Amino acid sequence: MTRLLTYILVKGKRIKYQECLTSFVRSRNLQAIVILLLFLVTFYRDVVFYGRTFLIETGAPGTMPNAGPYHYQATSPGFVANDTGAIAWALEPFNRFASISVKKGDFPLWNPYAGLAGSPLLADGYSGTLEPLQFLFFFFPDRYWPYAVDLQLLIRFLISGFCCYIFAKRQKIDFLGSISASVVFMFSNYFVTFGNHPQIKTEALLPLVLSGYDRLADSEDRQGFWFCALFIGWAVIAAMPESTFFVLFIGTLWYFYKSIFHRMEKGKIFVRAKRNLLRHLGSTMLGALISSAYLLPFLEFVSLARSSHDPGSSGLPLPMWTLPDLLIFQTQSRYLVLGFFAIFSLIFALLHLSVWPVYRWIIVFFSTYAIIFIITIFDFPLTNWIRVLPIFDRLIFTKYPLPSINFCMAIMVGMLVDRIRYFSFSYKKIGWSFLILLTIFIGLPILGNPSKALSVYSMNNKLAPIAFGYMVGNVTYI
(Lines give C-alpha, C1' and ligand atoms only; values in the text may rest on other atoms or scores of the structure.)
Protein backbone atom coordinates (compact mmCIF):
# COMPACT_ATOMS: atom_id res chain seq x y z
CA MET A 1 0.00 0.00 0.00
CA THR A 2 2.83 2.38 0.92
CA ARG A 3 4.60 1.61 -2.34
CA LEU A 4 1.39 2.24 -4.27
CA LEU A 5 0.83 5.62 -2.62
CA THR A 6 4.47 6.57 -3.19
CA TYR A 7 4.22 5.58 -6.86
CA ILE A 8 1.01 7.61 -7.32
CA LEU A 9 2.50 10.69 -5.63
CA VAL A 10 5.74 10.52 -7.60
CA LYS A 11 3.94 9.92 -10.87
CA GLY A 12 1.49 12.71 -10.06
CA LYS A 13 4.34 15.13 -9.45
CA ARG A 14 5.98 14.09 -12.71
CA ILE A 15 2.77 14.64 -14.64
CA LYS A 16 2.27 18.01 -12.97
CA TYR A 17 5.87 18.99 -13.70
CA GLN A 18 5.51 17.93 -17.32
CA GLU A 19 2.26 19.90 -17.64
CA CYS A 20 3.93 23.01 -16.22
CA LEU A 21 6.90 22.58 -18.56
CA THR A 22 4.59 22.09 -21.55
CA SER A 23 2.55 25.14 -20.55
CA PHE A 24 5.73 27.22 -20.28
CA VAL A 25 6.96 26.09 -23.71
CA ARG A 26 3.62 26.93 -25.30
CA SER A 27 3.15 30.26 -23.51
CA ARG A 28 5.11 32.88 -25.42
CA ASN A 29 4.09 35.58 -22.97
CA LEU A 30 5.50 33.64 -20.03
CA GLN A 31 8.72 33.04 -21.94
CA ALA A 32 8.93 36.76 -22.67
CA ILE A 33 8.59 37.62 -18.99
CA VAL A 34 11.33 35.16 -18.05
CA ILE A 35 13.67 36.48 -20.77
CA LEU A 36 13.08 40.10 -19.79
CA LEU A 37 13.63 39.24 -16.13
CA LEU A 38 16.97 37.64 -17.01
CA PHE A 39 18.01 40.76 -18.92
CA LEU A 40 16.84 42.99 -16.08
CA VAL A 41 18.58 41.02 -13.36
CA THR A 42 21.78 40.82 -15.39
CA PHE A 43 21.86 44.52 -16.23
CA TYR A 44 21.06 45.62 -12.67
CA ARG A 45 22.98 42.79 -11.02
CA ASP A 46 24.66 45.14 -8.55
CA VAL A 47 21.25 46.20 -7.24
CA VAL A 48 19.81 42.68 -7.18
CA PHE A 49 22.80 40.77 -5.79
CA TYR A 50 25.52 43.08 -4.50
CA GLY A 51 23.83 45.51 -2.16
CA ARG A 52 23.70 48.59 -4.40
CA THR A 53 20.49 50.61 -4.51
CA PHE A 54 18.54 53.06 -6.65
CA LEU A 55 18.06 55.18 -3.54
CA ILE A 56 19.76 58.53 -4.17
CA GLU A 57 19.47 60.23 -0.78
CA THR A 58 23.07 59.53 0.26
CA GLY A 59 24.65 60.20 -3.11
CA ALA A 60 23.27 63.62 -4.06
CA PRO A 61 24.77 67.01 -3.20
CA GLY A 62 23.08 68.87 -0.38
CA THR A 63 21.77 65.82 1.43
CA MET A 64 24.79 64.26 3.15
CA PRO A 65 28.35 65.48 3.82
CA ASN A 66 31.21 63.65 2.16
CA ALA A 67 31.71 61.36 5.13
CA GLY A 68 28.17 61.62 6.44
CA PRO A 69 27.02 62.51 9.99
CA TYR A 70 28.39 60.34 12.79
CA HIS A 71 30.81 58.63 10.41
CA TYR A 72 27.99 57.53 8.13
CA GLN A 73 29.63 56.65 4.84
CA ALA A 74 27.71 58.19 1.94
CA THR A 75 27.54 55.89 -1.07
CA SER A 76 26.92 56.50 -4.74
CA PRO A 77 23.77 55.13 -6.35
CA GLY A 78 23.89 51.74 -8.04
CA PHE A 79 23.45 53.12 -11.54
CA VAL A 80 24.45 56.04 -13.74
CA ALA A 81 22.28 58.85 -12.41
CA ASN A 82 21.66 62.34 -13.77
CA ASP A 83 20.10 65.23 -11.86
CA THR A 84 20.23 63.36 -8.56
CA GLY A 85 19.19 66.39 -6.57
CA ALA A 86 15.66 66.37 -7.98
CA ILE A 87 15.19 62.89 -6.53
CA ALA A 88 16.99 63.31 -3.23
CA TRP A 89 15.55 66.73 -2.36
CA ALA A 90 11.92 66.05 -3.16
CA LEU A 91 10.76 62.68 -4.51
CA GLU A 92 12.35 60.30 -2.00
CA PRO A 93 11.66 62.31 1.17
CA PHE A 94 8.08 63.04 0.10
CA ASN A 95 7.43 59.36 -0.58
CA ARG A 96 8.99 58.50 2.76
CA PHE A 97 6.79 61.06 4.50
CA ALA A 98 3.65 59.61 2.87
CA SER A 99 4.70 56.06 3.78
CA ILE A 100 5.34 56.88 7.44
CA SER A 101 2.08 58.84 7.69
CA VAL A 102 -0.02 56.00 6.24
CA LYS A 103 1.58 53.49 8.61
CA LYS A 104 0.53 55.78 11.48
CA GLY A 105 -3.06 55.73 10.22
CA ASP A 106 -3.04 59.17 8.62
CA PHE A 107 -3.32 59.68 4.88
CA PRO A 108 -1.53 63.00 4.29
CA LEU A 109 -3.23 65.49 2.01
CA TRP A 110 -0.78 68.25 2.94
CA ASN A 111 3.00 68.15 2.85
CA PRO A 112 4.41 70.57 5.45
CA TYR A 113 8.00 70.03 4.27
CA ALA A 114 7.60 71.42 0.72
CA GLY A 115 8.52 75.06 0.13
CA LEU A 116 8.16 77.68 2.85
CA ALA A 117 4.68 76.82 4.11
CA GLY A 118 4.03 73.41 2.59
CA SER A 119 1.97 72.29 -0.40
CA PRO A 120 -0.73 69.74 -1.28
CA LEU A 121 0.85 66.28 -1.39
CA LEU A 122 -1.91 64.51 -3.26
CA ALA A 123 -2.03 67.17 -5.99
CA ASP A 124 1.63 68.15 -6.29
CA GLY A 125 1.94 66.60 -9.77
CA TYR A 126 4.91 64.28 -9.20
CA SER A 127 4.67 62.33 -5.92
CA GLY A 128 1.92 60.06 -7.27
CA THR A 129 0.82 58.87 -3.84
CA LEU A 130 -2.23 57.06 -5.26
CA GLU A 131 -0.33 55.26 -8.04
CA PRO A 132 -0.70 51.47 -7.48
CA LEU A 133 3.00 50.56 -7.33
CA GLN A 134 3.59 53.36 -4.81
CA PHE A 135 1.53 51.29 -2.37
CA LEU A 136 4.63 49.12 -1.89
CA PHE A 137 6.01 51.94 0.26
CA PHE A 138 2.98 51.69 2.54
CA PHE A 139 3.44 47.98 3.28
CA PHE A 140 7.21 47.63 3.57
CA PRO A 141 8.63 48.14 7.07
CA ASP A 142 10.78 51.25 7.44
CA ARG A 143 13.99 49.23 7.79
CA TYR A 144 13.37 47.76 4.33
CA TRP A 145 12.81 51.15 2.69
CA PRO A 146 15.69 50.80 0.16
CA TYR A 147 14.37 47.40 -0.93
CA ALA A 148 10.94 48.93 -1.58
CA VAL A 149 12.54 51.64 -3.72
CA ASP A 150 14.53 49.08 -5.71
CA LEU A 151 11.67 46.64 -6.13
CA GLN A 152 9.11 49.14 -7.37
CA LEU A 153 11.57 50.53 -9.92
CA LEU A 154 12.55 47.10 -11.24
CA ILE A 155 8.85 46.25 -11.57
CA ARG A 156 8.32 49.44 -13.58
CA PHE A 157 11.13 48.52 -15.95
CA LEU A 158 9.66 45.03 -16.36
CA ILE A 159 6.21 46.46 -17.09
CA SER A 160 7.64 48.82 -19.70
CA GLY A 161 9.50 45.99 -21.44
CA PHE A 162 6.70 43.44 -21.32
CA CYS A 163 4.04 45.89 -22.54
CA CYS A 164 6.36 46.90 -25.39
CA TYR A 165 6.58 43.21 -26.26
CA ILE A 166 2.78 42.92 -26.19
CA PHE A 167 2.34 45.93 -28.46
CA ALA A 168 4.95 44.69 -30.94
CA LYS A 169 3.32 41.27 -30.94
CA ARG A 170 -0.04 42.88 -31.76
CA GLN A 171 1.61 44.46 -34.81
CA LYS A 172 2.48 40.98 -36.14
CA ILE A 173 6.17 41.25 -35.26
CA ASP A 174 7.52 37.79 -34.46
CA PHE A 175 8.66 36.66 -31.02
CA LEU A 176 12.35 37.43 -31.44
CA GLY A 177 11.61 40.85 -32.94
CA SER A 178 9.13 41.70 -30.17
CA ILE A 179 11.64 40.71 -27.49
CA SER A 180 14.32 42.81 -29.21
CA ALA A 181 12.01 45.82 -29.26
CA SER A 182 11.17 45.42 -25.58
CA VAL A 183 14.83 45.08 -24.56
CA VAL A 184 15.82 48.19 -26.52
CA PHE A 185 13.00 50.21 -24.97
CA MET A 186 13.49 48.87 -21.43
CA PHE A 187 17.21 49.71 -21.46
CA SER A 188 17.04 52.95 -23.42
CA ASN A 189 19.49 55.62 -22.36
CA TYR A 190 16.67 57.76 -20.95
CA PHE A 191 15.37 55.03 -18.64
CA VAL A 192 18.82 54.02 -17.46
CA THR A 193 20.02 57.51 -16.55
CA PHE A 194 16.69 58.87 -15.29
CA GLY A 195 15.09 55.66 -14.06
CA ASN A 196 14.40 56.90 -10.57
CA HIS A 197 12.86 60.21 -11.59
CA PRO A 198 9.15 60.81 -10.90
CA GLN A 199 8.19 60.92 -14.59
CA ILE A 200 9.21 57.28 -15.02
CA LYS A 201 6.03 56.25 -13.21
CA THR A 202 4.10 57.53 -16.22
CA GLU A 203 6.60 56.95 -19.02
CA ALA A 204 7.05 53.27 -18.18
CA LEU A 205 3.32 52.89 -18.91
CA LEU A 206 3.61 54.32 -22.44
CA PRO A 207 3.54 50.88 -24.15
CA LEU A 208 0.63 49.84 -21.92
CA VAL A 209 -1.43 52.90 -22.89
CA LEU A 210 -0.54 52.41 -26.57
CA SER A 211 -1.67 48.79 -26.31
CA GLY A 212 -4.94 50.03 -24.81
CA TYR A 213 -5.50 52.47 -27.67
CA ASP A 214 -4.53 49.73 -30.12
CA ARG A 215 -7.28 47.52 -28.71
CA LEU A 216 -9.68 50.46 -28.69
CA ALA A 217 -9.12 50.92 -32.43
CA ASP A 218 -10.44 47.39 -32.98
CA SER A 219 -14.21 47.78 -32.98
CA GLU A 220 -14.62 44.02 -32.54
CA ASP A 221 -12.65 44.03 -29.28
CA ARG A 222 -15.43 44.42 -26.72
CA GLN A 223 -13.07 44.63 -23.76
CA GLY A 224 -10.74 47.13 -25.45
CA PHE A 225 -12.85 50.12 -24.39
CA TRP A 226 -12.63 49.24 -20.70
CA PHE A 227 -8.97 48.19 -20.73
CA CYS A 228 -7.99 51.38 -22.52
CA ALA A 229 -9.81 53.49 -19.92
CA LEU A 230 -8.13 51.57 -17.10
CA PHE A 231 -4.67 52.06 -18.63
CA ILE A 232 -5.32 55.77 -19.19
CA GLY A 233 -6.45 56.17 -15.59
CA TRP A 234 -3.30 54.46 -14.36
CA ALA A 235 -1.09 56.74 -16.47
CA VAL A 236 -2.87 59.90 -15.27
CA ILE A 237 -2.84 58.93 -11.60
CA ALA A 238 0.91 58.28 -11.85
CA ALA A 239 1.10 62.07 -11.52
CA MET A 240 3.49 63.65 -14.00
CA PRO A 241 1.51 65.98 -16.29
CA GLU A 242 4.28 66.59 -18.85
CA SER A 243 4.88 62.90 -19.38
CA THR A 244 1.16 62.11 -19.30
CA PHE A 245 0.60 64.54 -22.16
CA PHE A 246 3.06 62.80 -24.46
CA VAL A 247 1.80 59.34 -23.48
CA LEU A 248 -1.79 60.28 -24.32
CA PHE A 249 -0.67 62.28 -27.36
CA ILE A 250 1.09 59.44 -29.15
CA GLY A 251 -1.63 57.03 -28.02
CA THR A 252 -4.34 59.26 -29.50
CA LEU A 253 -2.41 59.69 -32.75
CA TRP A 254 -1.99 55.93 -33.07
CA TYR A 255 -5.67 55.31 -32.33
CA PHE A 256 -6.96 57.63 -35.06
CA TYR A 257 -4.26 56.56 -37.48
CA LYS A 258 -5.13 52.90 -37.10
CA SER A 259 -8.90 53.23 -36.81
CA ILE A 260 -9.40 55.63 -39.73
CA PHE A 261 -6.52 55.17 -42.17
CA HIS A 262 -5.03 51.77 -41.43
CA ARG A 263 -8.21 49.73 -41.13
CA MET A 264 -9.89 51.41 -44.16
CA GLU A 265 -13.30 49.96 -43.40
CA LYS A 266 -16.06 50.26 -45.96
CA GLY A 267 -18.75 52.83 -45.36
CA LYS A 268 -19.15 56.58 -45.10
CA ILE A 269 -16.01 58.24 -43.84
CA PHE A 270 -17.86 60.80 -41.70
CA VAL A 271 -19.94 58.13 -39.98
CA ARG A 272 -16.80 56.11 -39.29
CA ALA A 273 -14.91 59.17 -38.04
CA LYS A 274 -17.78 60.15 -35.72
CA ARG A 275 -17.96 56.65 -34.28
CA ASN A 276 -14.21 56.53 -33.71
CA LEU A 277 -14.20 59.98 -32.11
CA LEU A 278 -16.98 59.08 -29.68
CA ARG A 279 -15.27 55.80 -28.81
CA HIS A 280 -12.00 57.61 -28.11
CA LEU A 281 -13.63 60.38 -26.05
CA GLY A 282 -15.66 57.87 -24.07
CA SER A 283 -12.69 55.72 -23.09
CA THR A 284 -10.42 58.70 -22.38
CA MET A 285 -13.02 60.45 -20.24
CA LEU A 286 -13.65 57.24 -18.33
CA GLY A 287 -9.91 57.00 -17.72
CA ALA A 288 -9.93 60.57 -16.40
CA LEU A 289 -12.84 59.64 -14.14
CA ILE A 290 -10.89 56.67 -12.77
CA SER A 291 -8.04 59.01 -11.86
CA SER A 292 -10.31 61.80 -10.57
CA ALA A 293 -9.15 61.33 -6.96
CA TYR A 294 -5.83 62.79 -8.09
CA LEU A 295 -6.84 64.75 -11.18
CA LEU A 296 -9.46 67.04 -9.61
CA PRO A 297 -7.24 68.21 -6.70
CA PHE A 298 -4.38 68.69 -9.16
CA LEU A 299 -6.46 70.86 -11.49
CA GLU A 300 -7.59 72.97 -8.55
CA PHE A 301 -3.98 73.31 -7.39
CA VAL A 302 -2.85 74.39 -10.86
CA SER A 303 -5.62 77.00 -11.07
CA LEU A 304 -4.56 78.55 -7.75
CA ALA A 305 -0.77 78.21 -7.94
CA ARG A 306 1.82 79.84 -10.14
CA SER A 307 3.55 77.48 -12.55
CA SER A 308 7.15 77.71 -13.69
CA HIS A 309 6.02 76.22 -17.02
CA ASP A 310 4.98 79.50 -18.63
CA PRO A 311 4.54 79.76 -22.41
CA GLY A 312 7.94 79.67 -24.06
CA SER A 313 9.56 77.44 -21.43
CA SER A 314 10.09 74.54 -23.85
CA GLY A 315 13.75 75.51 -24.20
CA LEU A 316 15.84 76.46 -27.18
CA PRO A 317 16.49 73.93 -29.95
CA LEU A 318 19.88 72.26 -29.89
CA PRO A 319 22.38 73.36 -32.58
CA MET A 320 22.94 71.14 -35.58
CA TRP A 321 26.53 70.32 -34.63
CA THR A 322 25.23 68.33 -31.64
CA LEU A 323 23.49 65.76 -33.87
CA PRO A 324 26.12 63.10 -32.97
CA ASP A 325 24.59 63.22 -29.48
CA LEU A 326 21.88 60.93 -30.81
CA LEU A 327 24.43 58.28 -31.74
CA ILE A 328 27.17 57.98 -29.13
CA PHE A 329 27.91 61.26 -27.36
CA GLN A 330 26.35 63.48 -24.72
CA THR A 331 27.68 66.99 -25.25
CA GLN A 332 24.66 69.27 -24.89
CA SER A 333 21.87 67.23 -23.33
CA ARG A 334 21.84 64.60 -20.60
CA TYR A 335 18.72 63.01 -22.03
CA LEU A 336 19.71 62.15 -25.59
CA VAL A 337 21.54 59.18 -27.18
CA LEU A 338 19.02 57.14 -29.10
CA GLY A 339 21.62 54.64 -30.21
CA PHE A 340 23.36 53.83 -33.48
CA PHE A 341 21.48 50.59 -34.02
CA ALA A 342 18.08 52.18 -33.33
CA ILE A 343 18.64 55.03 -35.80
CA PHE A 344 20.06 52.59 -38.36
CA SER A 345 16.89 50.49 -37.99
CA LEU A 346 14.76 53.57 -38.68
CA ILE A 347 16.61 54.39 -41.91
CA PHE A 348 16.76 50.73 -42.97
CA ALA A 349 13.01 50.29 -42.47
CA LEU A 350 12.23 53.41 -44.52
CA LEU A 351 14.35 52.09 -47.41
CA HIS A 352 12.36 48.82 -47.28
CA LEU A 353 8.97 50.54 -47.11
CA SER A 354 7.86 49.16 -50.47
CA VAL A 355 9.11 45.60 -49.91
CA TRP A 356 7.75 45.12 -46.37
CA PRO A 357 4.01 45.50 -47.07
CA VAL A 358 3.01 43.81 -43.81
CA TYR A 359 4.75 46.59 -41.84
CA ARG A 360 4.20 49.50 -44.23
CA TRP A 361 1.57 51.28 -42.11
CA ILE A 362 3.57 50.80 -38.92
CA ILE A 363 6.77 52.14 -40.50
CA VAL A 364 4.97 55.24 -41.82
CA PHE A 365 3.49 56.13 -38.43
CA PHE A 366 6.41 55.49 -36.09
CA SER A 367 9.11 56.79 -38.43
CA THR A 368 7.15 59.99 -39.09
CA TYR A 369 6.58 60.59 -35.38
CA ALA A 370 10.22 59.92 -34.49
CA ILE A 371 11.66 62.05 -37.30
CA ILE A 372 9.36 65.02 -36.61
CA PHE A 373 10.20 65.18 -32.92
CA ILE A 374 13.90 64.48 -33.43
CA ILE A 375 14.30 67.38 -35.83
CA THR A 376 12.15 69.54 -33.53
CA ILE A 377 14.77 69.02 -30.83
CA PHE A 378 17.39 70.42 -33.20
CA ASP A 379 17.45 73.64 -35.18
CA PHE A 380 15.34 72.62 -38.18
CA PRO A 381 13.18 75.48 -39.52
CA LEU A 382 10.41 73.21 -40.83
CA THR A 383 9.35 72.08 -37.36
CA ASN A 384 9.99 75.19 -35.25
CA TRP A 385 6.27 75.94 -35.27
CA ILE A 386 5.59 72.88 -33.09
CA ARG A 387 7.34 74.52 -30.16
CA VAL A 388 4.92 77.45 -30.11
CA LEU A 389 1.74 75.36 -30.13
CA PRO A 390 -0.39 75.44 -26.94
CA ILE A 391 0.86 72.97 -24.31
CA PHE A 392 3.92 72.14 -26.43
CA ASP A 393 5.32 75.59 -25.64
CA ARG A 394 5.44 74.64 -21.94
CA LEU A 395 7.26 71.29 -22.25
CA ILE A 396 11.02 70.73 -22.33
CA PHE A 397 11.64 69.28 -25.79
CA THR A 398 15.02 67.78 -24.95
CA LYS A 399 13.42 65.69 -22.22
CA TYR A 400 9.75 64.72 -22.29
CA PRO A 401 9.36 63.57 -25.95
CA LEU A 402 12.32 61.17 -25.56
CA PRO A 403 10.42 58.11 -24.21
CA SER A 404 7.93 58.22 -27.09
CA ILE A 405 10.79 58.61 -29.58
CA ASN A 406 12.62 55.70 -27.95
CA PHE A 407 9.48 53.60 -28.25
CA CYS A 408 9.22 54.35 -31.97
CA MET A 409 12.86 53.37 -32.40
CA ALA A 410 12.31 50.15 -30.45
CA ILE A 411 9.47 49.14 -32.77
CA MET A 412 11.76 49.77 -35.75
CA VAL A 413 14.41 47.54 -34.17
CA GLY A 414 11.80 44.82 -33.66
CA MET A 415 10.81 44.91 -37.32
CA LEU A 416 14.44 44.82 -38.44
CA VAL A 417 15.20 41.76 -36.30
CA ASP A 418 12.04 40.10 -37.59
CA ARG A 419 12.99 40.65 -41.24
CA ILE A 420 16.62 39.65 -40.71
CA ARG A 421 15.44 36.30 -39.42
CA TYR A 422 13.72 35.64 -42.76
CA PHE A 423 16.45 37.36 -44.83
CA SER A 424 13.78 39.75 -46.10
CA PHE A 425 16.11 42.64 -46.81
CA SER A 426 18.54 44.00 -49.38
CA TYR A 427 22.28 44.01 -48.70
CA LYS A 428 22.59 46.98 -51.03
CA LYS A 429 20.26 48.97 -48.80
CA ILE A 430 22.42 48.17 -45.78
CA GLY A 431 25.19 50.18 -47.41
CA TRP A 432 22.78 52.96 -48.28
CA SER A 433 21.54 53.02 -44.69
CA PHE A 434 25.08 53.45 -43.36
CA LEU A 435 25.81 56.16 -45.92
CA ILE A 436 22.64 58.12 -45.09
CA LEU A 437 23.23 57.76 -41.37
CA LEU A 438 26.83 58.99 -41.57
CA THR A 439 25.88 61.84 -43.91
CA ILE A 440 23.08 63.16 -41.71
CA PHE A 441 24.56 62.67 -38.26
CA ILE A 442 28.24 63.28 -38.99
CA GLY A 443 28.54 65.05 -42.36
CA LEU A 444 25.90 67.75 -41.83
CA PRO A 445 27.24 68.85 -38.41
CA ILE A 446 30.78 69.14 -39.84
CA LEU A 447 29.57 71.18 -42.82
CA GLY A 448 27.41 73.40 -40.63
CA ASN A 449 29.96 74.17 -37.92
CA PRO A 450 33.31 72.43 -38.52
CA SER A 451 35.14 73.69 -35.42
CA LYS A 452 32.48 72.66 -32.89
CA ALA A 453 31.49 69.47 -34.70
CA LEU A 454 35.06 68.21 -34.88
CA SER A 455 35.63 69.04 -31.22
CA VAL A 456 32.91 66.51 -30.38
CA TYR A 457 35.24 63.74 -31.56
CA SER A 458 38.18 64.80 -29.41
CA MET A 459 39.43 62.46 -26.71
CA ASN A 460 38.16 64.87 -24.08
CA ASN A 461 34.68 63.56 -24.80
CA LYS A 462 35.69 59.98 -24.01
CA LEU A 463 35.20 57.73 -26.99
CA ALA A 464 35.35 54.62 -24.80
CA PRO A 465 31.53 54.37 -24.45
CA ILE A 466 31.30 53.40 -28.13
CA ALA A 467 30.35 49.88 -27.13
CA PHE A 468 27.36 47.64 -27.47
CA GLY A 469 25.52 49.50 -24.75
CA TYR A 470 25.67 52.76 -26.65
CA MET A 471 25.03 51.04 -29.95
CA VAL A 472 21.52 50.15 -28.75
CA GLY A 473 20.97 53.41 -26.96
CA ASN A 474 22.19 52.53 -23.47
CA VAL A 475 24.84 53.83 -21.13
CA THR A 476 27.63 51.79 -19.62
CA TYR A 477 26.54 50.27 -16.32
CA ILE A 478 28.70 50.80 -13.24
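**Close-up views of helix packing and a cavity**

**View 1. Helices α16 and α17 meet in a left-handed crossing.** Handedness here is left when the near helix is turned anticlockwise from the far one by less than a right angle, and right when clockwise. This is a predicted model in which local features need pLDDT of at least 70 and side-chain atom pairs count only at pLDDT 80 or more, while totals for chains, interfaces and linings use all residues. Residues are numbered from 1 along each chain as its sequence is written, and side-chain values use heavy atoms, with hydrogens and water left out. Helix α16 covers residues 360-377 and helix α17 residues 402-421; they pack at about 140° with axes 9 Å apart. Axes are lines fitted to C-alpha atoms, for helices over the stretch in contact, and angles run from 0 to 180 degrees between N-to-C directions. That angle makes α16 oblique to α17 (under 35 degrees is roughly parallel, over 145 roughly antiparallel, 65 to 115 roughly perpendicular, and the rest oblique). Look for I362, F366 and F373 of α16 among the contact residues, along with L402, F407 and M415 of α17; contact means heavy atoms within 4.5 Å. By class, this contact has 16 nonpolar, 2 polar and no charged residues. Ala, Val, Leu, Ile, Met, Phe, Trp, Tyr, Cys and Pro count as nonpolar, Asp, Glu, Lys and Arg as charged, and the others, Gly among them, as polar.

**View 2. Helix α6 passes α7 in a right-handed crossing.** The axes of α6 and α7 (residues 175-186) come within 8 Å and cross at roughly 145°. Contact residues include G161, C164 and Y165 of α6, with F175, A181 and F185 of α7. The contact has 10 nonpolar, 4 polar and 1 charged residues.

**View 3. Helix α7 also packs with α2, again in a right-handed crossing.** Helix α2 (residues 28-43) and α7 lie at an angle of about 35°, their axes 11 Å apart. Among the residues in contact are R28, I35 and F39 of α2 and I179, V183 and M186 of α7.

View 4. On a 1 Å grid over the protein atoms alone, a cavity is a set of points where a 1.4 Å probe fits but cannot get out, and lining residues have an atom within 4 Å of a point. Its lining has 17 residues, and L91, N95, Q134, Q152 and N196 are the closest to its centre. Helix α6 gives the largest share of that lining, 5 residues. Helices (DSSP runs of H or I, at least four residues) are numbered from the N terminus.

Notes: 1 Å grid on protein atoms, 1.4 Å probe; cavity = no way out; pocket = protein on both sides within 12 Å on 5 of 7 lines; lining within 4 Å. Helix = DSSP H or I, 4+ residues; strand = E, 2+ residues; numbered from the N terminus.
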